[in-house]
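Here's a quick tour of one protein chain, written for someone new to reading structures. Take a look at the sequence and the 3D view before you dig in.

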Amino acid sequence: MRLITLTNIVYIVLSVVIVSVAGFIFYQNVNSIIDEEFTESLLNKKEETILYIDKYHALPPENNTAEFIHISPVKIKGNETVIDSLIYNEAEQEDCPYRIFTFYVSFQHQYYQVTVSKSLLEQEDLIESLFFFFLFILIIFIFILFFFN
């Protein structure tokens with residue numbers, strides 16, 4: 001085996017390892033950023049709900065295009081919670097991941113539990129697209145190293 005061939009094999013293996021590790025770190029960072037933004041958008045919904053009540057002196061409507069909102073009266077105010085859950089989506093005919101934010105508001109001397117559910121499919125689709133793009137770049141990189149050296 002010639003020295004140049006051995007050197008190329010070492011370069012290819014090292015490149016694959018380095019790009020794979022960089023891809024994993026990139027995936028973790030992007031996933032974290034998207035997750036924080038997603039949760040922040042749900043937390044902003046609380047502020048929007050409070051502003052709506054203050055402005056219109058009424059509870060907001062329950063249906064929205066981006067999120068599902070459910071409002072129900074309760075006797076005792078509870079704690080805010082953010083959870084991930086699977087909810088059956090009739091359009092997709094399967095269980096889809098949702099992030100559910102539950103908080104409480106006071107309106108006309110009554111506590112109401114407000115539950116905002118937002119689909120995580122967009123987040124998963126974006127991360128999946130980034131993964132396949134990174135994989136495509138890795139394959140192109142290996143191809144260039146292998147065939148042009």
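What follows is a short briefing, grouped by topic.

Keep in mind that this is a predicted model, where local features need pLDDT of at least 70, side-chain atom pairs count only at pLDDT 80 or more, and totals for chains, interfaces and linings use all residues. Residues are numbered from 1 along each chain as its sequence is written, and side-chain values use heavy atoms, with hydrogens and water left out.

**Strands and hairpins**

- Helices (H or I, at least four residues) and strands (E, at least two) are DSSP runs, numbered from the N terminus.
- Strand β2 covers residues 81-89 and strand β3 covers residues 94-107, and they pair in the antiparallel sense over nine bridges; two strands pair if DSSP finds at least two bridges between them.
- β2 and β3 make a hairpin with four residues between them.
- β3 also pairs with β4 in the antiparallel sense, this time over 10 bridges, and V105 has Y112 in β4 as its bridge partner.
- The hairpin of β3 and β4 has two residues between the strands.
- β3 is mostly covered, with 11 of its 14 residues buried; buried means under 20% relative accessible area, exposed means over 50%, and partly exposed is in between (1.4 Å probe, protein chains only).

**Backbone angles worth a look**

- Most residues other than glycine have a negative phi.
- You'll find H57 in the loop between α1 (3-56) and β1 (67-74), and H57 is exposed, at 59% relative accessible area.
- Q108 isn't a glycine either, yet its phi is positive, at about 50°.
- Q108 sits in the loop between β3 and β4 (110-119) and is exposed, with a relative accessible area of 61%.
- Q93, in the turn of the β2 and β3 hairpin, has a positive phi of about 55°.

**Salt bridges**

- Side chains of opposite charge can pair when their charged atoms come close.
- A salt bridge here is a side-chain nitrogen of Lys or Arg within 4 Å of a carboxyl oxygen of Asp or Glu, and by this rule the count comes to four.
- R99 and D35 form one of them, at 2.7 Å from N to O.
- R99 is in strand β3 and D35 is in helix α1, so this pair ties together parts that are 64 residues apart in sequence.
- R99 is buried, at 6% relative accessible area, whereas D35 is partly exposed, at 29%.
- E80 and K46 meet in another salt bridge, at 2.1 Å from N to O.
- That pair links distant parts of the chain, with E80 in the loop between β1 and β2 and K46 in helix α1, 34 residues apart.
- E80 is partly exposed, with a relative accessible area of 42%.
- K45 pairs with E48, and their closest N and O atoms are 3.3 Å apart.
- K45 and E48 are three residues apart in helix α1, so about one helical turn separates them.
- K45 counts as buried at 10% relative accessibility, whereas E48 counts as partly exposed at 45%.

**Surface patches on show**

- Patches are made of residues with over 30% relative accessible area and no salt bridge, joining like charges within 9 Å and nonpolar side chains (Val, Leu, Ile, Met, Phe, Trp, Tyr) within 5 Å.
- Accessible areas come from the Shrake-Rupley method with a 1.4 Å probe, and for residues only the protein chains shown count as cover.
- Lys and Arg count as positive and Asp and Glu as negative, while His and the chain ends are not counted; a charge is placed at NZ of Lys, CZ of Arg, CG of Asp or CD of Glu.
- E122, E124, D125 and E128 gather in a patch of negative charge on the surface.
- E128 is in helix α2 (residues 121-148) and is partly exposed, at 46% relative accessibility.
- E128 and Y27 are 101 residues apart in sequence and 9.6 Å apart in space, C-alpha to C-alpha.
- F133, F136, I137, I140, F143, I144, F146, F147 and F148 make a nonpolar surface patch of about 970 Å².
- F148 is in helix α2 too, and F148 counts as exposed at 61% relative accessibility.
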